[in-house]
Amino acid sequence: MSASDLQRRPSASLGDDLPPVQPPSAGFIIQLFVVPALIVLAVVSVWALFGRLAAGEQDWKQLVQEMESPNPHIYRRAMFGLAQLLDTDRRRAANGQQLASNPEIAAALANLLKKQLDSHQTDADTVSSQVYLTRALGLLDVHDTSLPALILALDSQYEVEVRKGAVTSIAVIAGRALERQAPLTGEVGDALVKFSEDSDPMLRRAAAFALGLVPGPETEQRLIVLLEDPADWMTSVNAAIALSRRDSTLGYNVFTKALATPTGITEDEEQDRLLVLRNVLHAIGNLAAKFTPEQRAALKTAVDPLANGSEAVRVRVDAQAAAAALAAAG
């Protein structure tokens with residue numbers, strides 16, 4: 001074909017000699033752009049993860065140092081950061097740094113709590129910090145350091161929320177110790193017995209729960225007294241359930257009262273009742289073989305309606321389990 005022939009052909013016909021152009025497929029675009037980007041992202045993520053883990057080994061030391069700062073902004077930030085680090089480490093279990101048994105962290109938190117308690121300041125920020133410190137100490141198992149600070153915070157001169165935080169953490173620590181078959185004894189039990197005499201029913205309830213996790217004749221005797229708490233029904237319930245953990249059926253009368261259907265209660269009270277029912281039903285199931293035949297018969301009569309007709313599914317399931325345990329026991 002000559003140059004003159006090309007000049008004479010319409011320009012549109014030039015495209016007829018070329019292969020058709022196809023748009024790139026979605027798969028091709030993914031291979032070209034997305035896949036390499038994902039590879040790069042994965043490499044960066046792994047690098048960042050190992051960087052954070054390596055830095056994490058030192059984070060707690062820096063936070064401990066910052067908690068000694070006289071600047072409230074610095075030590076509060078360190079306090080919150082350390083508590084968060086403890087919680088994260090606990091969730092990592094065997095893969096963590098086992099910070100719960102770190103004596104330096106325990107000393108830093110305990111010393112700051114004691115310092116704040118000694119200041120006798122009652123402004124909102126200080127009280128909030130004290131509550132946070134009591135809860136953070138509950139994540140630790142350095143008993144010689146954390147427990148004395150928590151026992152100090154139980155004293156009636158301090159704010160109710162601080163004292164509640166302290167008794168809650170003592171209960172948490174005591175529960176873990178009990179699971180390890182190394183229960184707390186001595187000073188902790190004495191402090192809880194005294195604390196359980198407080199006029200505030202909310203604190204007595206918490207004390208009854210904690211007392212059940214600290215074995216000993218003094219704590220058991222106090223729980224028996226709390227069964228007859230004249231001013232707060234929930235304290236009696238907590239005492240009965242606490243005694244059930246010791247294989248004691250002394251809370252039988254409380255259990256039968258809890259199973260009775262109340263009238264004229266509010267919606268909030270009904271929610272509390274459902275929680276009480278579940279705990280009581282668990283206790284009854286665990287103690288089934290230890291009740292007298294007469295007690296088992298009376299309890300089964302009270303439990304059967306819940307097992308057959310409770311509108312709350314979880315209560316119905318728990319009641320069925322308790323009824324089965326009572327029947328199996330005789």
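**Close-up views of a predicted model**

View 1. The largest pocket has a volume of about 380 Å³. On a 1 Å grid over the protein atoms alone, a pocket is an open set of points where a 1.4 Å probe fits, with protein on both sides within 12 Å along at least five of seven lines, and lining residues have an atom within 4 Å of a point. The volume is the space filled by probe spheres set on the points, which are joined across faces, edges and corners. Trp233, Met234, Glu269, Asp272 and Arg273 are the closest to the pocket centre among its 13 lining residues. Two or more lining residues come from each of helix H11 (233-244), helix H12 (252-259) and helix H13 (267-287); H13 gives the most, with 5 residues. Helices here are DSSP runs (H or I, at least four residues), numbered from the N terminus.

This is a predicted model, in which local features need pLDDT of at least 70 and side-chain atom pairs count only at pLDDT 80 or more, while totals for chains, interfaces and linings use all residues. Residues are numbered from 1 along each chain as its sequence is written, and side-chain values use heavy atoms, with hydrogens and water left out.

**View 2. Helix H13 and its neighbours.** H13 has 21 residues and reaches 30 Å from its first C-alpha to its last, close to the 30 Å expected at 1.5 Å a residue (1.5 Å times one less than the number of residues). Its buried residues include Arg273, Leu277, Leu281 and Ile284; buried means under 20% relative accessible area with a 1.4 Å probe, protein chains only. The buried residues of H13 pack against H11, H12, helix H14 (293-309) and helix H15 (313-328), where contact means heavy atoms within 4.5 Å.

**View 3. Helix H7 under cover.** The 20 residues of H7 (residues 160-179) should span 28 Å, and the end C-alpha atoms are 29 Å apart, which agrees. Among the buried residues of H7 are Val162, Ala166, Ile170 and Ala174. Their cover includes helix H4 (103-119), helix H5 (124-137), helix H6 (143-153), helix H8 (187-195) and helix H9 (201-211). After H7 comes Gln181, with a positive phi near 60°.

**View 4. Gln116 in helix H4.** Gln116 sits in helix H4 and is buried, with a relative accessible area of 4%. Leaving aside residues up to four places away in sequence, Gln116 touches Tyr75, Thr126, Ser129, Gln130 and Leu133.

Notes:
Buried < 20%, exposed > 50% of the residue type's maximum accessible area, 1.4 Å probe, protein only.
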